[in-house]
Amino acid sequence: MTMADFGGVIRVGFISLDWHLVTALVERWRPETHTFHLPHGEATITLQDVSILFSLPVDDEPVSGLFGADVATECERLLGVVPPATTVKGNTLKMSWLGLTFQNFPADGDDITAQRYARAYILQLMGGLLFTSKTSTHVHICFLSLLENLYVAGQYSWGSASLAWLYREMCHATHLDASEIAGPLILLQVWA
């Protein structure tokens with residue numbers, strides 16, 4: 001059994017989004033077929049693309065989190081600290097707080113501390129790259145419960161979940177009144 005591996009996502013690194021490309025792809029997205037209608041034909045991002053580009057598992061256990069979980073309780077239980085009320089918005093947690101709180105691993109840190117820092121780091125990857133919100137400032141707490149056991153977390157189909165999140169957000173972005181888009185746009189850009 002291997003520990004949760006998000007190394008492929010980390011290796012992609014920081015990429016400045018090309019908003020012109022993203023906009024052009026949104027304009028060509030067809031929600032009925034989940035495909036891009038391009039001059040040369042139809043194309044779409046597949047699970048194989050996600051697996052190759054991000055090295056994320058696509059055929060393991062489904063990702064299904066606790067959407068009713070209390071943020072303070074889950075953070076105390078799995079991160080060892082209760083976030084200030086100002087960093088919590090509904091069922092989401094401010095990612096800047098995660099970054100500041102778990103910035104420097106203590107020299108005397110034990111295995112439990114290492115697991116807490118790993119959960120915080122992976123949660124930031126999720127909120128910043130894989131499951132982004134429109135503001136990209138908060139991450140949904142439902143993902144934290146899935147990181148309780150980092151070995152079990154490696155058995156989830158994170159690639160499938162992120163592709164589903166992208167498809168959902170692309171469909172929302174095609175609505176006439178939509179002015180923003182969320183989701184793993186880095187995946188969209190790297191694929192294009």
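This is a predicted model: local features need pLDDT of at least 70, side-chain atom pairs count only at pLDDT 80 or more; totals for chains, interfaces and linings use all residues.
Buried here means under 20% relative accessible area, exposed means over 50%, and partly exposed is whatever falls in between, using a 1.4 Å probe and protein chains only. Residues are numbered from 1 along each chain as its sequence is written, and side-chain values use heavy atoms, with hydrogens and water left out.

**Overall picture**

- The protein has 10 helices and 6 strands; these are DSSP runs numbered from the N terminus, with helices being H or I of at least four residues and strands being E of at least two.
- With 192 residues, a compact globule would come out near 16 Å in radius of gyration, and the protein's 17 Å agrees with that. The radius is taken over C-alpha atoms, and the globule rule is 2.2 Å times the number of residues to the power 0.38.
- Along its principal axes, the C-alpha trace spans about 60 × 40 × 30 Å.
- Of the 192 residues, 42% count as buried.
- Take contacts (heavy atoms within 4.5 Å) between residues at least 6 apart in sequence: 68% of them join residues at least 24 apart.

**Surface and charge**

- Helix H2 runs over residues 19-28, and its buried residues are Val22, Leu25 and Val26.
- Those three cover an arc of only 105° around the axis, which puts them on the same side of H2; the arc is that of the directions from the helix axis to the C-beta atoms.
- His20 and Glu27 are exposed on the other side of H2.
- The buried residues of H2 pack against strands E1 (29-30) and E2 (35-38), plus helices H9 (158-173) and H10 (185-191).

**The H3-H4 loop**

- Proline 57 sits in the loop between helix H3 (47-54) and helix H4 (71-79).
- Glutamine 155 is 98 residues away from proline 57 along the chain, yet their C-alpha atoms are separated by 7.8 Å.
- Setting aside neighbours within four places in sequence, proline 57 is in contact with Gly154, Tyr156, Ser157, Trp158, Gly159 and Ser160.
- Serine 55 lies in the loop between H3 and H4 too. Its phi is positive, about 55°, although it is not a glycine, and serine 55 is partly exposed at 36% relative accessible area.

**Other spots to look at**

- Back to serine 136: it lies in the loop between helix H6 (111-130) and strand E6 (138-140), and its phi is near 60°, a positive value in a residue other than glycine.
- Alanine 164 belongs to helix H9 and is partly exposed, with a relative accessible area of 44%. Alanine 164 and glycine 183 are 19 residues apart in sequence and 9.3 Å apart in space, C-alpha to C-alpha.
- Glycine 90 lies in the loop between strand E4 (88-89) and strand E5 (92-94), and glycine 90 is exposed at 62% relative accessible area.
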